[in-house]
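Here is a briefing on the structure shown next. Please keep the sequence and the coordinates open while reading.

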Amino acid sequence: MTSIQAALKSELERDAFWKGLSLFDWLWSIITVLSTAYAYTNYAPLMDVYEKVILVASSASLIVLGWHWKAIRQLSLLVFVLSLFGISRYVNGLSDAETDFFLRFLVSSQSAIMWMSALYVLATVTYFAAFIARSDFVAKVASAMTWSATVMGLVGLMVRWRESYLIGLDVGHIPVSNLYEVFILFSIITALLYLFYERRYQTRVLGGFVLLVISAAVAFLLWYTFDRQAADIQPLVPALKSYWMKIHVPANFIGYGAFALAAMVAVAYLIRFNAEKGDSNSLAMTLPELDVLDDLMYKSIALGFAFFTLATILGALWAAEAWGGYWSWDPKETWALIVWLNYAAWLHMRLTKGWRGKPMAAWAIVGLFVTLFAFLGVNMFLSGLHSYGEL
Amino acid sequence: MYKKSAETLKTPKTSAIWLNFLGSMNLAITLLLALSVASIIGTVLQQNQPYTDYVIKFGPFWFEVFQQLGLYDVYSASWFLLILFFLVVSTSTCVYRNAPGMLREMREYRQSIQLETLQKMPNSVSWQLNRSLDEVQQVAQQILPHNGFSARTTVTDSFRLVAGMKGAGSRLGYVFTHVAIVLICIGGLIDGNAILKAREMLGQIVPETENIPANQVPMISRLGLDNLSFRGSVSVPEGSQSNVLFINYKEGYLVQGLPFSIEVKDFRIEHYASGQPKSFESDLLLHDSRLAEPLEQTISVNHPLIYDGYSIYQASFSDGGSSIELQVWPLSGGGNQQQKLNVTVGNDVQVNLAGQPWVLETSDFRLFNINPSQDPAKKFQNVGPSVQFKMRDKTGAAKEFMNYMLPIERAGAYYYLSGVRSSPAEEFRYLYIPMDEAGGLGRFNTFLRLLNDQDVLQKVVAKQGILDQPLPTKDSAQFNQAMLKLVALFMQEGIDGVMSQVDKNVPVEKREGVAQLYVRVLQQILGAVYVEVLADEGVDISLGIDEKKAAFFDDASAAIGAITRYGSPVYFQLVNFKHKQASGLQIAKAPGKLLVYPGCAMLILGVFLMFYAPQQRLWLRLQETEQEVSVVFAGHAERNGLDFADQFRQIQAQFERVLTT
């Protein structure tokens, strides 16, 4: 064997994906598979065939996601342990949330969500502090806070899921059924998308901008909790009792989260764009290069668009089963279409006409307002079939 | 000669211009945005409401303008369909023009690319290697597939070219998404009501606006089995069946025939422990002459029955003609005659009440009424059955009532509630009739009767010493007369009548004093009559009246004071019922989904392919130069330039590790 062939051989073996998986990766997969198997064997009688498919598919996606984005493994395991701990503290029913120390202050869904809220807001402030002080260390602290907030938010949702079953076996449902619950979901998904790109682009300066949206969502959540008692778990109305909810809603919120991320990156873009002409040492110039921001903006709109398309179609299929037609021009449906058309136009402009820069950034921000109206405005101002989260 | 050639040139040119225009991105973007704006109008202006609502909202002029523009049903307005049509044409043109090229390019490795082109690419690097051509070519042929690129090799006398390509799917994604849009739009048009609209324009159908039984609807308002797609609803009472549907259309409706008949055996509502509805279910029997025996299936929300292209959904429910037994309690004019009345929900009956003819139109019966709970521990509570009806007097004016069967608790006491309103737009205002200790209305009725009984009143008034000092006989008689008048006024016009009398006859500065006196007098007389009522019942009041009975007196007096505003001479107590429900079924036929669903699948697949399988190309051009091999390695990606640059550097490093060490 000549040296070149040996070098080629080692090169070809070098980057093989399977070889790159560590022991922890495999351990992670085994834990996921075992817990899925446990859930399946114990709860199969409560699930229909679609729900079983959803369980298996989400488990498989989680494994693959963990392989490609290593931090997900730690996140999931932490959520797993804390959620189980929270669930195990409920011995005598829901009233334990008032008496048990750990539930009361840490892992009941209400407490966990309060922790999430506090941590996201703190993280926002810390990210901005890091940005202004140009401190890498402070930025790392902010990242850690964002991760912690995400853990607590997910624990909150998991425990809430269990709590709904403690109210009554027939009341139990996945906590993505009303405005309160999806706001938590929105915060978590937006944070996760941001954290993904934070690692990918090796920059923490955008943190404050993105978390601003999450803080706004948290502010709404707190108002909604304390002013409207929205945190109470309500049984599902008959139209929502379907496996479709488990896929339609999360897919939608990946879309919303990605659009929110894109808009905040666009804000950063505009700030940097205006700073380019001025002092090259200004704070704004510590933001990533315009090319990078532009690329990130495009990527998150593309991601959002793909999932929003999926979500809207899933919604249409669900509507065909629940309302008797796949499209009824219900205000929520129509606004979903408007959001979709808006981003479709954005993508066409960028991909085929090659538009870049300031107008596209401004359009991405406008897009967030259109999305926001579809998400919230429709519930507030227009009536229709989708009136699950009325304000 | 010249002219002729100009003409032959012109023909292809026009079509080319059209093709250019229709397939242009500007038109497509304009259409996307126009569709958005139209959709916004459709959500801001509530669609398909009764025309009278719009007239009230906009006034006659703008109502007419908006109607001409089709704004009350934007999504089937002709201009909206025109936008959709152009979107389909534009997208199709785009696919027609670009797809063949793209599909060709998918398989094309660009093996004829020039050296200069490669060198000018942003991602380009060159090496001089002390290797043989074969060696380098072999390495290239393995490194490229290792990175997911499929490779083709060209060998010529002067050079060799290994061309790699990845992500052909992105081009397929383009074709999929755009074909999907065309399919979805066409499918949607088939399932929409464009065809119905066209038939109406041609005069083939006319919607029926009168509320008449289905079998009396004329042929012109009927749709046969040949109707391709529709979505209609029908309310079927338990134990009955229907072979038609009603389709709401503009100001009226159309009757759609079905090739089968659908029977509702039973309709059920289940509730959660907290009282909210948990499920709506109907046991159906589908009768079809093509079936050996009827098809039996239970449907519920989210679980429709699909049969022969028809989907049958649980959409709503209503009363299917419950039998109601009402006890009639007179409220005015005295009399203790109590009659019972049997009515059926949905039917009107003529009754004579207090000497006047009335029409009683019973519109709804509800077995459960889940209302917000007063109890902070519970969110909702079930307050039991209720009946809703209209009472129409001889002038045709009607008031609507809602009476609850069971007494309802408020602050420790129980009341029979009756809501009343003059129009559906209003909230119900409630009359609270206190329940007596026997759980009924007996005591209230006796109280009312005695208050209308002049003999009793005379006796009571005579016994009273309203003023502190005794009066001379003549004055006393006059005063007693005045008191009787006051009571009569109160009974006829309520406390409002008494107050307006004060306002009319007494100077301003004395009004307050007089009003207070009147109230005191009334209270005293009513109290005395109440004592008579209790005595009638045989209650021992020698030790005074207990708190409950005192509260009853206050409540009864308040109720009597409000009777004049109640608007009915009687109170109908719901005493018995036989519940019969009707299930609201929605039946749809949507053959367009045979296009729409595959279109949706293509759209999802296409979008993901487009974004996540971007097309990338790599080239290695090898050329022998005096004992060395000169290699140019270059790459090109349509999108995601930054990512590709990264990836290019990684592959470059792989080559360098293998070839240059």
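In which helix of chain B is B:Thr177 found? B:Thr177 is found in helix H7 of chain B. This is a predicted model.

- B:Thr177 has a relative accessible area of 7%. The cut-off for buried is under 20%, so B:Thr177 counts as buried.
- The side chain of B:Thr177 comes within 2.9 Å of the backbone oxygen of B:Tyr174.
- B:Thr177 also makes a side-chain to side-chain polar contact with B:His178, at 3.2 Å.
- Leaving out residues up to four places away in sequence, B:Thr177 touches B:Met602, B:Leu603, B:Gly606, B:Val607 and B:Met610.

**Interface of chain B and chain A**

- The size of an interface is often given as the accessible area lost when the parts come together.
- Here, chain B and chain A bury about 5300 Å² between them. Carbon and sulfur atoms carry 64% of that area.
- On the side of chain B, the greatest losses of area to chain A fall on B:Tyr272, B:Asn302 and B:Phe611. Together these three make up 13% of what that side buries.
- Chain B puts 62 residues into the contact, and chain A puts in 63 residues.
- Polar contacts across the interface involve 18 residue pairs, with both residues at pLDDT 80 or more.
- Several elements of chain B each supply at least two residues to the side that touches chain A. The helices are H2 (25–44), H6 (133–146), H7 (169–191), H14 (593–612) and H15 (641–659). The strands are S8 (277–287) and S24 (581–589).
- H2(B) gives the most to that side of chain B, with eleven residues.
- By class, the side of chain B that touches chain A holds 32 nonpolar, 20 polar and ten charged residues.
- Four salt bridges are counted between chain B and chain A. One of them pairs the side chains of A:Glu11 and B:Arg657, at 2.9 Å from N to O.

**Nonpolar cores**

- In soluble globular proteins, nonpolar side chains tend to be buried together.
- The largest nonpolar core has 166 residues. Within this core, A:Tyr120, A:Phe253, A:Met297 and A:Trp346 touch the most other members.
- Helix H13 (residues 290–322) of chain A gives the most to this core, with 19 residues.
- A:Phe253 is in contact with A:Val182, A:Leu185, A:Phe186, A:Ile189 and A:Phe375, leaving aside neighbours within four places in sequence.
- Another core, of 61 residues, lies apart from the largest one. Its members include B:Phe389, B:Leu450, B:Val533 and B:Tyr571.

**Salt bridges**

- Side chains of opposite charge can pair when their charged atoms come close.
- Over all chains, the count comes to 38 salt bridges.
- In chain A, the side chains of A:Glu51 and A:Lys246 form a salt bridge, at 3.1 Å from N to O. A:Glu51 lies in helix H4 (residues 49–68) and A:Lys246 in helix H12 (residues 244–275), so the pair ties together parts that are 195 residues apart in sequence.
- A:Lys246 counts as partly exposed, at 23%.
- In chain B, the side chains of B:Arg392 and B:Glu361 form a salt bridge at 2.7 Å, N to O. B:Arg392 sits in strand S18 (residues 386–392) and B:Glu361 in strand S15 (residues 356–366). The pair links distant parts of the chain, 31 residues apart.
- B:Arg392 is partly exposed, with a relative accessible area of 27%. B:Glu361 counts as buried, at 16% relative accessibility.
- Salt bridges that share partners join B:Glu105, B:Arg110, B:Arg171, B:Arg617 and B:Glu638 into one network.
- The side chains of B:Glu105 and B:Arg110 meet at 3.6 Å, N to O, in a salt bridge. B:Arg110 is partly exposed, with a relative accessible area of 29%.

**A:Ala129**

- A:Ala129 is found in helix H8 (residues 109–133) of chain A. A:Ala129 is partly exposed, with a relative accessible area of 37%.
- A:Ala129 and A:Ala139 lie ten residues apart in sequence. Their C-alpha atoms are 8.0 Å apart in space.

Definitions and conventions:
Residues are numbered from 1 along each chain as its sequence is written. Chains are lettered from A and ligands numbered from 1 in the order in which they are written. This is a predicted model: local features need pLDDT of at least 70, side-chain atom pairs count only at pLDDT 80 or more; totals for chains, interfaces and linings use all residues. Side-chain values use heavy atoms; hydrogens and water are left out. Contact means heavy atoms within 4.5 Å. Buried area is the accessible area (1.4 Å probe) that two parts lose on being put together, summed over both. A polar contact is a pair of N or O atoms within 3.5 Å; within protein, one must be able to donate a hydrogen and the other to accept it, and residues adjacent in sequence count only if both atoms are side-chain atoms. Helices (H or I, at least four residues) and strands (E, at least two) are DSSP runs, numbered from the N terminus. Ala, Val, Leu, Ile, Met, Phe, Trp, Tyr, Cys and Pro count as nonpolar, Asp, Glu, Lys and Arg as charged, and the others, Gly among them, as polar. Buried means under 20% relative accessible area, exposed over 50%, partly exposed in between (1.4 Å probe, protein chains only). A nonpolar core is a set of buried Ala, Val, Leu, Ile, Met, Phe, Trp, Tyr and Cys residues joined through side-chain atoms within 4.5 Å.
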